[in-house]
Amino acid sequence: MEARQRIARLTAHLNPPNPQGNPMLEQINCRAKGGSPGFKVAILGAAGGIGQPLAMLMKMNPLVSVLHLYDVVNAPGVTADISHMDTGAVVRGFLGAPQLEAALTGMELVIIPAGVPRKPGMTRDDLFKINAGIVKTLCEGVAKCCPNAIVNLISNPVNSTVPIAAEVFKKAGTYDPKKLLGVTMLDVVRANTFVAEVLGLDPRDVDVPVVGGHAGVTILPLLSQVKPPCSFTPEETEYLTKRIQDGGTEVVQAKAGAGSATLSMAYAAVKFADACLRGLRGDAGVVECAFVASQVTELPFFATKVRLGRTGAEEVYQLGPLNEYERAGLEEAKQELAVSIEKGVSFIKK
Ligand SMILES: NC(=O)c1ccc[n+]([C@@H]2O[C@H](COP(=O)([O-])OP(=O)(O)OC[C@H]3O[C@@H](n4cnc5c(N)ncnc54)[C@H](O)[C@@H]3O)[C@@H](O)[C@H]2O)c1
Ligand SMILES: O=C(O)C[C@H](O)C(=O)O
């Protein structure tokens with residue numbers, strides 16, 4: 001190719017935008033041909049507090065070859081910024097509903113942090129009114145354009161948005177329970193950190209299973225199953241359980257109206273997405289906690305450890321032995337979860 005042509009292609013994005021198309025897409029297409037091998041990943045809500053650091057960290061992930069950044073605002077700016085990072089993934093931006101289908105077509109993993117966050121005094125359920133509709137619309141897009149993609153759902157209230165997504169996929173005839181995962185990784189990340197503090201260990205050496213759901217008492221850390229094996233006094237158990245359950249509220253209050261956890265969430269989301277991609281690649285023994293369709297309890301959805309493989313959550317693990325404190329916590333968690341799940345299901349079925 002002549003130097004003049006090459007330069008024209010590489011600077012296409014600097015020309016006035018073509019209202020019919022996406023100038024950024026045209027800009028990147030020429031680079032995509034030389035892209036590294038890996039998976040195609042979309043982030044929906046990529047310009048938000050979680051979305052931006054998540055996009056940056058996914059651009060750094062060597063398992064990602066193509067990264068689609070979709071939002072209803074600011075997607076071009078975030079895309080231009082992230083696309084200058086000298087890592088392998090090719091980045092494309094998509095702005096607003098007319099570009100949702102292009103953002104989703106061909107994707108293998110779709111991460112959804114779109115939606116409003118809490119302010120002090122709100123529960124996650126207070127977000128239902130706005131976020132339920134956002135999740136419904138985005139999942140309809142997934143069902144149409146990439147029905148085989150694995151979905152990592154972050155938007156709150158996760159205990160209801162995952163059932164909403166499942167109903168949307170059922171309606172479209174594309175539902176595969178193994179491929180729909182509610183992201184509860186931040187609860188595990190917090191639990192590892194707080195338990196490590198109490199034990200005087202490096203958090204990277206600590207593994208705390210957190211089961212149930214992702215709101216208040218539905219977040220149930222299994223402190224009797226911590227690795228490395230250890231024991232806690234009743235006071236330590238009470239302190240740790242409450243701190244893990246209230247971790248989100250701790251951040252919401254500290255941010256004082258400026259939103260909820262974004263940076264630790266982006267870290268947790270990437271840790272979880274990376275596990276999903278390693279599973280897709282066929283790595284053995286990839287196990288993380290997630291809120292999934294489940295037969296572990298009488299509820300249709302429940303968070304436990306799952307084994308991630310080529311087709312998603314291929315194995316859902318049982319709870320294992322619980323102590324008396326955890327058995328009482330489980331009953332409380334199930335009561336609240338049942339209501340939140342039903343609320344999500346009836347939002348679509350009504
Ligand atoms: N699962 C978890 O552990 C966890 C942790 C933290 C936050 N969250 C939740 O994640 C969500 C996002 O939090 P945030 O702090 O990034 O909020 P934010 O307001 O900073 O960002 C949300 C983004 O979503 C975008 N958006 C809104 N409607 C959209 C649509 N229809 N399509 C695409 N994008 C859309 C907004 O434009 C914005 O850029 C909230 O619901 C929050 O409660 C979940
Ligand atoms: O607490 C929130 O509202 C956000 C998120 O669910 C969290 O756990 O930090």
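Student: How far does a polar side-chain atom of Arg118 lie from an oxygen atom of ligand 2?

Tutor: The distance is 2.6 Å. This is a predicted model. A polar contact is a pair of N or O atoms within 3.5 Å, so the Arg118 pair counts as one.

Student: Which residues are around ligand 2?

Tutor: They are Arg118, Arg124, Asn156, Leu186, Arg190, His214, Gly248, Ser260 and Ala261. Asn156 has a side-chain N or O atom 2.8 Å from an oxygen atom of the ligand. For Arg190, a polar side-chain atom lies 2.7 Å from a ligand 2 oxygen.

Student: Which residues come nearest to ligand 1?

Tutor: Of the 29 residues around ligand 1, the nearest are Gly49, Ile50, Asp71, Val116 and Asn156. Asp71 uses a polar side-chain atom, 2.6 Å from a ligand 1 oxygen.

Student: At what angle do helices H3 and H11 pack?

Tutor: H3 (residues 51-59) and H11 (residues 263-281) pack at about 40°, and their axes are 8 Å apart. Angles under 35 degrees count as roughly parallel, and 65 to 115 as roughly perpendicular. H3 and H11 are therefore oblique to each other. The crossing is right-handed.

Student: Which residues make the contact?

Tutor: H3 contributes Pro53, Leu54, Leu57 and Met58. From H11 come Leu263, Ala266, Tyr267, Ala269, Val270, Ala273 and Leu277.

Note on methods: Residues are numbered from 1 along each chain as its sequence is written. Chains are lettered from A and ligands numbered from 1 in the order in which they are written. This is a predicted model: local features need pLDDT of at least 70, side-chain atom pairs count only at pLDDT 80 or more; totals for chains, interfaces and linings use all residues. Side-chain values use heavy atoms; hydrogens and water are left out. Axes are lines fitted to C-alpha atoms, for helices over the stretch in contact, and angles run from 0 to 180 degrees between N-to-C directions. Helices (H or I, at least four residues) and strands (E, at least two) are DSSP runs, numbered from the N terminus. Angles under 35 degrees count as roughly parallel, over 145 as roughly antiparallel, 65 to 115 as roughly perpendicular and the rest as oblique. A crossing is left-handed if the near helix is turned anticlockwise from the far one by less than a right angle, and right-handed if clockwise. Contact means heavy atoms within 4.5 Å. A residue is near a molecule or strand if one of its heavy atoms lies within 4 Å of it. A polar contact is a pair of N or O atoms within 3.5 Å; within protein, one must be able to donate a hydrogen and the other to accept it, and residues adjacent in sequence count only if both atoms are side-chain atoms.
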